[in-house]
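Trainee: I am new to this structure and would like to understand the terms used to describe it. May we look at it together?

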Amino acid sequence: MRMSENAPHSLIRIAHENGDSSVAPPLDLGVRVRELRKARDWTLEQAAQQAGLARSTLSKIENGQMSPTYDALKKLAVGLEISVPQLFTPPSKGQVNGRMAVTKSGDAVQQITTTYEHDLLANALTSKKMLPYRARVRARQMEDFDGWVRHDGEEFLYVLTGRVRLYSEFYEPVELSRGDSAYYDAAMGHNVVSVSAEDATILWVTSLT
C-alpha cells in the first residue's frame, strides 16, 4: 500500500481518535479508601493507626456514613502515603489489566511511502499511549519531502543501521550513526534522510498522549 509522506503521522491522529473518550462515573470516596487500604493488606485498625484516626471514624468513611473533614483527608493521605488528590483519582485501567503485544520478525504491518518504509509494531493493541515503528529511510535529501513533518506529542528516534541526518525546524542538522538517538518535540518540524551508502533503518517511538 502506498501512502503519503505523512502516513505514519496520520496514524497518530487515528490512534488519538480511537481512544476511550467516555466519561468516568463519579468516584465513591469510601470505596476508594477501602480499595487503597486493602491493596496494602491492612485491617481497619492498622489503617486507622497509620492515619491517626479512630477505627470507628475510618469505618464510617469507608461505608459512606460521614464526610471527612479536610484535616481527616490529609491524615488519610499521609497514612496511605499518597497525595490528597489521589484519594479522588480512580486507578488507571492500565494499572489493573495487564496488556502485552509481541510482534515477531516479519509480522509487522507495513506502510510504504516515497520517503520511508514503516513496519508498525504492537499493531494489535488499541488505545496505545505510544506508537512504535521501525523505518527504512529511503529519502536522501530534504527536497524528497513535501515540507516539514510535524504532529502532536514527543518522539524518540534510535538508529539501528546506517547513518541518518536529522533535520529540525529550530536546530542545525545533526548526523546520527548506529546506536545514536534523539528525543524531540514532534510539534517542531522534522525530517530524516539517509546519508550512508545503504538505506538506514531506525526505530521510532511516538507518544500519543
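Mentor: Leaving aside neighbours within four places in sequence, serine 207 is in contact with Lys129, Met130, Asp152, Gly153 and Glu154. This is a predicted model, in which local features need pLDDT of at least 70 and side-chain atom pairs count only at pLDDT 80 or more, while totals for chains, interfaces and linings use all residues. Residues are numbered from 1 along each chain as its sequence is written, and side-chain values use heavy atoms, without hydrogens or water.

Trainee: Which backbone atom lies 2.7 Å from a polar atom of the serine 207 side chain?

Mentor: That atom is the backbone nitrogen of glutamate 154.

Trainee: In which strand are serine 207 and valine 205 found?

Mentor: Serine 207 is in strand β9, residues 200-207, and valine 205 is also in β9; a strand is a DSSP run (E, at least two residues), numbered from the N terminus.

Trainee: Why is valine 205 called partly exposed?

Mentor: Its relative accessible area is 21%, and partly exposed lies between buried (under 20%) and exposed (over 50%), with a 1.4 Å probe and protein chains only. Valine 205 therefore falls in the middle class.

Trainee: Which residues does valine 205 touch, not counting those up to four places away in sequence?

Mentor: Valine 205 touches Met130, Leu131, Pro132, Glu154, Glu155 and Phe156. The C-alpha atoms of valine 205 and leucine 131 are separated by 5.5 Å, with the two residues 74 apart along the chain.

Conventions
Helix = DSSP H or I, 4+ residues; strand = E, 2+ residues; numbered from the N terminus. Polar contact = N/O pair within 3.5 Å; in protein donor to acceptor, adjacent residues only side chain to side chain. Contact = heavy atoms within 4.5 Å.
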